[in-house]
Amino acid sequence: MRIILFTGKGGVGKTTLAAATALLSAKKGYKTLIISADAAHSLSDSFEIPLANQPKKIAPNLYGQEINALEEIEKKWGEIKNYLTNLFSSQGIDTIEAEEMSVFPGMEELFSLMEIRNYNKTTDYDVIIVDCAPTGDTLRFLSAPEITSWYLKHIFPIQRTAAKAVRPVANRVLPFPFPEDKIFEAMKNLYTQLAEMKEILVDSKKTSIRLVVNPEKMVIKEAQRAFTFFNLFGYAVDLIIVNRIIPLKVQDAYFKKWKTIQASYQQMIKECFSPIPILSSDLFTQEIVGKELLYQMAKKVYGKKDPTQLFYAQKPITIEKTDGGFDLYLNIPFVEKKNIDLFQKGEELFIKVGSFKRNILLPQTLLNFSIKGARFEEERLKISFRQ
Ligand SMILES: Nc1ncnc2c1ncn2[C@@H]1O[C@H](COP(=O)(O)OP(=O)(O)OP(=O)(O)O)[C@@H](O)[C@H]1O
Ligand SMILES: [Mg+2]
């Protein structure tokens, strides 16, 4: 099975491109399911077909589902949530606030995404396309397996095996109720499921992320941040799709400057995301809703290509810890191995090798270190960060 996730800044065209891709995938003969994991569902609007919590047929080979995560959250997190609410209340926090604090941001997306686990176990579909929430939320929920595990571990530091012995004493001395066995059970299940999900997501032969951008500064910056993050967490980005490009044939003077600006940002997109392949879509003369327009868009974006193929299969950036610092490796294809120019400005790192330019946003950890050198090792550029 192939899993493709669409993400990007708010409003860039994620839902539209996810829907268009799903439609083309179905036309190519793959049994395709498109899922909305964005709590603010808009797939129904895009296809102009009402969708619900169960897969519904949209076209031959194509099914759509808008997951209602609240039910799933109640099932998997309900017990833990009740315990946390009691815990926070016992600390004098107002009940309503305590309830709010016992669910974390991005949780709905996380639990929607967990649905992929179920499909992964079956052979019901060849392709699953996921319309994700805007980048901020997606980042949180994709890192959620780690964060949630950390959160659970630290909030419940005592192993379940020790709990029975400790509980009678703990309940007397602790100023809050000690968790019951069923809470530990619920946590263990959640742990297992999160780990399973993470495994599916980092399987780069099966799962990839497509970042949708517009040729605009803020949008690119956010996508870059997401790109670095995905690299760090081991999620593969296989394609960048630039949406809403004003076609060159538009001669209207009003758009003249816009076209120049967009051209320069298209160049910047190459520098930020190369060697990940980039496809693009023009700004249409109207909104893209309904199957006919979605199909037109898909054909323009993918041409004759199979939209489900893995467009890029390597990790473009890797970071390794060493004695006294970190080494950052960049896959830079086909560059002459000479004159490496590095320039760091805040969290941005500009790299120039011959005529090749790259621009990456450094992860927070590396900001405490300084660059101590760069050289080519096989096909990769190695940049050393030391204290
Ligand atoms: N290339 C395009 N040409 C014309 N209209 C477009 C294009 N791409 C998207 N749109 C329109 O822009 C609107 C927003 O697109 P869409 O809902 O896909 O964005 P989104 O990134 O999913 O937004 P959100 O962050 O709110 O989920 C829709 O009405 C869609 O039809
Ligand atoms: Mg959307």
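This note goes through a predicted model of a protein chain with a ligand.

1. Overall make-up. The protein chain has 387 residues, and 51% of them count as buried. Its secondary structure consists of 12 helices and 15 strands.

2. Contacts and surface. Taking contacts between residues at least 6 apart in sequence, 71% join residues at least 24 apart. The chain exposes about 18,900 Å², with carbon and sulfur atoms supplying 53% of that area.

3. Where the ligand is. Ligand 1 sits in the largest pocket. It is surrounded by 19 residues, of which Gly11, Lys14, Thr15, Thr16 and Asn243 are the closest.

4. Which elements form the shell. At least two residues of the shell around ligand 1 come from each of helix H1 (14–27), strand S7 (237–245) and strand S8 (278–282). H1 gives the largest share, 3 residues.

5. Polar atoms at the ligand. A polar side-chain atom of Thr15 is 2.7 Å from an oxygen atom of ligand 1. At Gly11 a polar backbone atom lies 2.8 Å from an oxygen atom of the ligand. A nitrogen atom of ligand 1 is 2.9 Å from a backbone N or O atom of Phe284. On its own, ligand 1 has 640 Å² of accessible area, and the protein covers 79% of this.

6. One residue in detail. Gln262 is part of helix H11, which spans residues 256–273. Its relative accessibility is 7%, so Gln262 counts as buried, the cut-off being under 20%. Apart from neighbours within four places in sequence, Gln262 is in contact with Pro215, Arg244, Ile245 and Ile246.

How values were computed. Residues numbered from 1 in each chain as written. Chains lettered and ligands numbered in written order. Predicted model: local features only at pLDDT ≥ 70, side-chain atom pairs only at ≥ 80, totals over all residues. Heavy atoms only, no water. Helix = DSSP H or I, 4+ residues; strand = E, 2+ residues; numbered from the N terminus. Buried < 20%, exposed > 50% of the residue type's maximum accessible area, 1.4 Å probe, protein only. Contact = heavy atoms within 4.5 Å. Areas by Shrake-Rupley, 256 points an atom, 1.4 Å probe, with all protein chains shown as cover. Near = heavy atom within 4 Å. Polar contact = N/O pair within 3.5 Å; in protein donor to acceptor, adjacent residues only side chain to side chain. 1 Å grid on protein atoms, 1.4 Å probe; cavity = no way out; pocket = protein on both sides within 12 Å on 5 of 7 lines; lining within 4 Å. Sits in = over half its atoms within 2 Å of the grid points.
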